[in-house]
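Here is my note on the model you sent. Please read it with the structure open, point by point.

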Amino acid sequence: MMPKKVPHRLYLTEDQMPKQWYNLRADMKEQPAPILNPGTLQPATVEELYPVFCEKLAQQEMDSTTRYIDIPEEIQDFYKMYRPSPLIRAYNLEKALGTPAKIYYKFEGNNTSGSHKLNSAIAQAYYAKEQGLTSLTTETGAGQWGTALSEACSYYKLPLTVYMVKVSYEQKPFRKSVMQTFDAEIIPSPSNTTKVGQMILSQDPNTGGSLGCAISEAVEKAVTTENCRYVLGSVLNQVLLHQSIIGLESKMAMEILDEYPDIVIGCAGGGSNLGGLIAPFMQDKLLGKANPRIIAVEPASCPSLTRGRYAYDFCDTGRVTPLAKMYTLGCDFMPSANHAGGLRYHGMSPILSKLYHDGYMEAIAVEQTKVFEAAVFFAKQETILPAPESAHAIRGAIDEALKCKETGEAKTILFGLTGTGYFDMTAYNAYLNGTMTDYIPTDEDLQKGFERLPKIPGIQ
């Protein structure tokens, strides 16, 4: 009998969709270092997070013991508007590469935000509404998180202010239009609307901004506005928790196909999609059930894992957020106007930083032109135009598949296709016209950021 052919796309049913998020910290041998109160430099308590975050989200942020957390039924109902997302076998990509490897990708672009970000946005908006809050603030880099949160806040009729990194604001005017469609207010960051924005502009009036700047402004707006809180689309433990639905669905779908990945690959900026995709596979690794290679792919222009320091640092440029121990380039690091705006963050999720530091995952950094070469090649084979962020994972997957071609190994590769690139045509135009350049910071560039890392008595 001929073996049953794996379908191009596998969709789980609504009934099969996970009803719980998975908390990766519950299975980590060693926990990430505690976050520190920026005022006292002592480990923060959950109550100290309440002025900034919704209470339920703050509790999720600090919970390192509950392995599975129920997804509220109202969030499950919202998820069903665009989930479960498909697991796709990249037959055409495999053929074009001439590789014996089997390549799968989890596609998260089937919603208006065009990305995985809606998985956490709807959860955070739900908990804000449940608490009785009357408005929210956030930041966005590429615009995917801002779009997703705009959708979620519109659904719950919560006013939202989005501080969008200025260079992305200028590169992606239609992202702004989508957010405005969902009633969000969009402010290019840094701006004159906050004290921290004014301070940053006084030091560099022509700055293109960074996610660190935008976070500072959004936090200031939240803590100075009555009944308002700040929400974040990446880095935080709570975000990786919500995004675990990506990996849980992926693992379930692969089990149906009687498959298991030898290699799991995700793009890495702050860590939301990577942490979500790898969660159940990392659980297997931590518990000794399997040993997949897990690879983070980051931009060479903002290489926090591959060239950063593992140290306590502020999560924002204005130094008002709690300090997290993570791989960081320094909160003052201003990345180049790299088109992968969603990966333009100076630090990395404390969970992923700890796992990388302890040797459970690998990381590579790739130049932008090589990323877009992979994006265009992938689009021609699989008919999906990928987001620049997602294309980092594609680059990593292609390179691993080509290694299999050399060795003859038929490895199974899973990568995360986090979203679509339809708002990134300025970047695609630059690549196709031959005007795209690669920027790689020098050691001297990075040293400036390292020298300004916080000095903490008895710690660093």
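1. Aromatic pairs. The structure holds 16 aromatic pairs. One of them joins Tyr155 and Tyr156 edge-to-face, at 5.0 Å centre to centre and 90° between the planes. Keep in mind that this is a predicted model. Tyr155 is partly exposed, with a relative accessible area of 39%. Tyr156 has 7% relative accessibility and counts as buried, because the cut-off for buried is under 20%.

2. The aromatic cluster. Tyr155 and Tyr156 belong to one aromatic cluster.

3. His392 sits in helix H16 (residues 388-407). At 3% relative accessibility, His392 counts as buried. How far apart in space are His392 and Tyr82? The C-alpha to C-alpha distance is 24 Å, and the two residues are 310 residues apart in sequence.

4. The four-stranded sheet. Four strands form an open sheet with parallel pairing, in the order S8-S7-S6-S9. Strand S8 (185-189) and strand S9 (228-230) are the edge strands, and each pairs on one side only. From one strand to the next, the twist averages 20°.

5. Strand S6. How many residues of strand S6 (residues 135-140) are buried? Six of the six are, so S6 is largely enclosed by the rest of the structure. In a regular strand, side chains alternate between the two faces of the sheet. In S6, Ser135, Thr137 and Glu139 point one way. Leu136, Thr138 and Thr140 point the other way, and all are buried. Note that Glu139 is among these buried residues.

6. Neighbours of S6. Three bridges join S6 to S9, and these strands run parallel. Ser135 has Cys228 in S9 as its bridge partner. Five bridges join S6 to S7, again running parallel. There, Thr137 stands opposite Thr161 in S7.

7. The crossover. S6, helix H6 (residues 144-155) and S7 make a right-handed β-α-β unit. Please trace this path on the model.

8. Strand S7 (residues 160-165) is joined to S8 by five bridges, and the two run parallel. Val162 stands opposite Ile186 in S8.

9. The seven-stranded sheet. A further open sheet has seven strands, in the order S1-S4-S5-S15-S10-S11-S14, and its pairing is mixed. Strand S1 (9-10) and strand S14 (362-366) stand at the edges. Each has a single partner strand, so one side of each is left without a neighbour in the sheet.

10. Strands S10 and S11. Five bridges join strand S10 (residues 263-267) to strand S11 (residues 293-299), and the two run parallel. Cys267 stands opposite Val297 in S11.

11. Helices across the sheet. Which strands does helix H11 (residues 237-256) lie across? They are S1, strand S4 (87-89), strand S5 (102-107) and S15, and H11 runs at about 140° to S5. Helix H12 (residues 272-286) lies across S5, S10, S11 and S15. H12 runs at about 155° to S10.

12. Helix H17. Ala427, Tyr428 and Ala430 are buried in helix H17 (residues 425-432). Why do they line one face of the helix? Seen down the axis of H17, its buried residues fall within an arc of 160°, so they share one face. These buried residues pack against helix H15 (368-382). Just after H17, Gly434 takes a positive phi of about 80°.

Notes: Residues numbered from 1 in each chain as written. Predicted model: local features only at pLDDT ≥ 70, side-chain atom pairs only at ≥ 80, totals over all residues. Heavy atoms only, no water. Pairing = 2+ DSSP bridges. Axes fitted to C-alpha atoms, helices over the stretch in contact; angles between N-to-C directions. Buried < 20%, exposed > 50% of the residue type's maximum accessible area, 1.4 Å probe, protein only. Arc of directions from axis to C-beta. Contact = heavy atoms within 4.5 Å. Right-handed = clockwise from strand over helix to strand, strands pointing away. Phe/Tyr/Trp six-rings, centres within 6.5 Å; stacked < 30°, edge-to-face > 60°.
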